[in-house]
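Welcome! Let's take a look at how charged side chains pair up in a protein chain.

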Amino acid sequence: MELIDSHLCFGGEQRRYQHDSAVLGCPMTLSVFLPPGYGSHTPVLYWLSGLTCSDENFVQKAGAQRLAAELGLAIVAPDTSPRGADVADDDSYDLGQGAGFYVNATEMPWASHYRMDDYIVQELPPLIEGLGLSNKRGISGHSMGGHGALVLALRNRDFYRSVSAFSPICHPVDCPWGHKAFSAYLGQDEATWQSYDAAVLLADAKAPWPIRVDVGKADNFLDEQLRVDALAAAAKRSGSDLSLNLHEGYDHSYFFVATFMAAHLRFHAAQLG
């Protein structure tokens with residue numbers, strides 16, 4: 001990876017890297033926070049951002065670095081999709097570049113580049129651990145990234161040791177965002193969509209670790225798009241340990257994320273040891 005930016009931050013270092021992704025077939029940019037004294041003992045929290053975001057939204061708005069430095073957590077924030085002139089795109093905000101939905105696309109023209117599942121789980125960790133960090137991994141995210149965090153953890157239950165989400169899209173097979181993205185990326189056979197649906201995956205088998213989810217009750221996407229009710233029902237069905245926290249007055253913004261970021265970081269630090 002090529003280091004393209006670096007800033008000292010609370011005794012640690014906020015870095016930005018670029019690398020050529022073999023999985024996605026394009027250059028990718030990611031942000032990495034390294035706490036003071038980082039090394040092979042340092043666990044890594046992967047943060048997946050939401051629609052229209054890049055790797056920079058989280059590091060500039062969530063206010064995570066101060067406590068991550070105290071807890072000794074590294075935080076990796078990849079981009080939300082492949083990008084570039086040769087990468088398929090769409091004029092709408094919820095499909096194409098900036099809206100990868102963390103799936104491996106099977107339909108053209110998306111299948112040529114949109115393999116965010118493989119990128120996050122297979123290609124990125126060896127690069128990050130090549131910086132000298134531990135293979136103790138947690139994953140979290142917001143909105144579309146919350147969907148990605150839940151789904152990738154539930155699809156790779158031995159790979160991650162902790163999982164949480166802010167305002168996640170919990171049941172994309174039954175919401176407008178999911179229908180639009182999945183029909184484009186995965187095709188019209190809705191049976192194939194279920195392997196990327198957190199509520200479906202959680203209902204099928206008990207999660208091996210506790211899950212924390214925080215949602216604002218004033219979130220304008222809560223009822224139609226997020227479907228946290230389906231996630232709660234799935235956890236009850238499988239006997240999974242889901243802590244679903246609904247917060248009066250809070251919305252879908254990074255003001256909400258920043259407010260409860262410390263609780264999530266402490267949650268991951270406890271799970272990651």
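What follows is a short tour of some salt bridges in this predicted model.

Side chains of opposite charge can pair when their charged atoms come close. Here the count comes to 12 salt bridges. Three of them are listed below.

| Salt bridge | Closest N and O atoms |
|---|---|
| R16 and D55 | 2.8 Å |
| R16 and E56 | 3.5 Å |

Let's start with R16, which pairs with D55. R16 sits in strand 2 (residues 12–21), while D55 is found in the loop between strand 4 (44–48) and helix 1 (56–61), so this bridge links parts of the chain that are 39 residues apart. D55 has a relative accessible area of 1%, and because buried means under 20%, D55 counts as buried.

R16 also forms a salt bridge with E56. E56 belongs to helix 1, and the two partners are 40 residues apart. With a relative accessible area of 29%, E56 is partly exposed. Through shared partners, salt bridges join R16, D55 and E56 into one network.

R227 lies in the loop between helix 7 (222–226) and helix 8 (228–238), and D174 in the loop between strand 7 (162–166) and helix 5 (176–186), so the bridge ties together parts that are 53 residues apart in sequence.

Terms used. Residues are numbered from 1 along each chain as its sequence is written. This is a predicted model: local features need pLDDT of at least 70, side-chain atom pairs count only at pLDDT 80 or more; totals for chains, interfaces and linings use all residues. Side-chain values use heavy atoms; hydrogens and water are left out. A salt bridge is a side-chain nitrogen of Lys or Arg within 4 Å of a carboxyl oxygen of Asp or Glu. Helices (H or I, at least four residues) and strands (E, at least two) are DSSP runs, numbered from the N terminus. Buried means under 20% relative accessible area, exposed over 50%, partly exposed in between (1.4 Å probe, protein chains only).
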